[in-house]
Amino acid sequence: MGCCNIRCGLIAGAVFGVAVAILGGILIPVGNSIIQGTVEKEAVIEQGTTAYDNWVSTGAFVYRQLWLFDLKNPIEVLQYGARPVVVEKGPYTYKIRYLPKENITFNPNHTVSFLLPNGAIFEPSMSVGTEDDNVTSLNLAVAGAYSMVPQVFHHVLETLINKNKASLFQRRTVKELLWGYSDPILNATVGLFAPYNGTYDGYYNVYSGKDDISKVSTIDRWRGERSLHFWDDPYCDMINGTDASSFAPFIDKKKPLYFFSSDICRSVSASFEQSMDLKGIEVYRYTLLQSTLASPTVNPDNRCFCRNFKSTKNCTMAGVLDISSCQDGRPIYISLPHFLYGSPSLREDVLGLNPSEVHHNTFLDVEPTTGFTLRFAKRIQVNMMYGPSKVITVLKKVKDYTIFPLVWLNETAALDDETADMFKEELISHIQMLGILQKALLGTGLAIFVLCLISYCVIRRSNNQVKVA
């Protein structure tokens, strides 16, 4: 009778173990469903959600570090046609993106419109010097007019240059080069980022994700248009993805992330590189591929981005993007800093550049569950092109088209400790606790079941042996 009770107890224990294991198994899809529902609800861009609070005004400070290229041999270049030798000078650091979005309007089609105000505040404590530091750089007016004025009128440009005693290069303060100065040749304010303070990027029109969370933050329109008008090609003029501040939740690292950058007038993609730890939070690091700025001979998709056959050596040059079509014709070329991934000729024409993937590549660190970008570094170099001339005196010694580096920027932000702790407490800890509970129930149930089953078999075998004896 006692053995029967033991066997019955073991059978009951095994059944209980199976039930516990099943409960743990059931919790996996149920728990995942709860997590998915919560994340999707909080990722929608509408008042009261976590996404909205972070979207209206970025919680982390965004800084733009700038390194200007100081020309060391201007006389040799002008008089003997020597190759320019440059040394980067910086960083000069500014706080940007400190102003909240403006004119926020929710539309009936589950989109939201807004303006992104531009502003820059100099941060002396994070800079190597003051905005009054001097830099020898390219004369923006001369280089710009060289490309914008038809060659048949270059004799007029030569007269203006001589009249104003200008040259191909000039010495200006950091503040003047970046934010503008009055130029006598063009009779206008000229600067790399002029005008900036008090201006806006947009209008943007993005999906709120209310009806379809997979579309959240995806750009529907920019400046009222669903495509660009810079490249005269449907593919290159596409506006793809978000603005890179966030993506749809539940990131699949096998798929690239697409985003649009008004700074470079095009959409690009980033691919998964590795998982990383950011203040105790797992993030996926995405980086730009070499193919992004590859020559059309390597990446045929880039053919419609090639605008100037002369300066790009019949579109065989890699590493630079001619954005003159969205810069009112000014010969502006965008690249990665120090011509990273660019053709060797770029660094042969201008000496003193040393590209590094660690310091010069762009990356995004995205939390995969929410799709929020928790850290990023946007690194871009601004260049201008000039070339030879038989008419303009200051260009007569120039032997070939030269893409001259002016400045490179590192725009960065990362969540602070307080935000990281809140993020972990409100989301990550709940997910981890649910996962632990699931595994504990599943493991405990299976252990009870196996232990009871083994014990039952041992007792039954012992009883059979006793009966035989």
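**Exercise 1. Is Cys236 buried or exposed, and what is its relative accessible area?**

Solution. The model is predicted, so local features need pLDDT of at least 70 and side-chain atom pairs count only at pLDDT 80 or more, while totals for chains, interfaces and linings use all residues. Residues are numbered from 1 along each chain as its sequence is written, and side-chain values use heavy atoms, with hydrogens and water left out. Begin with the term: buried means under 20% relative accessible area, exposed over 50%, and partly exposed in between, with a 1.4 Å probe and protein chains only. Cys236 has a relative accessible area of 2%, and is therefore buried.

**Exercise 2. Work out which cysteine is the disulfide partner of Cys236, and which parts of the chain the pair ties together.**

Solution. A disulfide is here a pair of cysteine sulfur atoms within 2.5 Å. Cys236 meets this cut-off with Cys304, the sulfur atoms being 1.8 Å apart, and the link is right-handed, with 75° about the S-S bond. For the location, note that helices (H or I, at least four residues) and strands (E, at least two) are DSSP runs, numbered from the N terminus. Cys236 sits in the loop between strands S11 (219-222) and S12 (257-261), and Cys304 in the loop between S14 (281-288) and S15 (320-322), so the pair ties together parts 68 residues apart in sequence. Cys304, at 15% relative accessibility, also counts as buried.

**Exercise 3. Find how many disulfides the whole structure holds, and describe the pattern that they follow.**

Solution. The search finds 3 disulfides. Besides the link of Cys236 and Cys304, a disulfide joins Cys265 to Cys326, with an S to S distance of 2.0 Å; its torsion of about 80° about the S-S bond makes it right-handed. Cys306 and Cys315 form another, with sulfur atoms 1.9 Å apart, and here the torsion is about -90°, so the disulfide is left-handed. When bonded cysteines are counted along the chain, the pattern is 1-3, 2-6, 4-5.

**Exercise 4. Explain why helix H4 (residues 140-148) is described as largely enclosed by the rest of the structure.**

Solution. Count the buried residues: 7 of the 9 residues of H4 are buried, and the helix is therefore largely enclosed. The buried residues are Leu140, Ala141, Val142, Ala143, Gly144, Ala145 and Tyr146. Then look at the start of H4, where a side-chain oxygen of Asn139 comes within 3.1 Å of the backbone nitrogen of Ala141. As background for the whole chain, buried residues make up 49% of its 469 residues, and its secondary structure comes to 9 helices and 19 strands.

Technical notes
A polar contact is a pair of N or O atoms within 3.5 Å; within protein, one must be able to donate a hydrogen and the other to accept it, and residues adjacent in sequence count only if both atoms are side-chain atoms.
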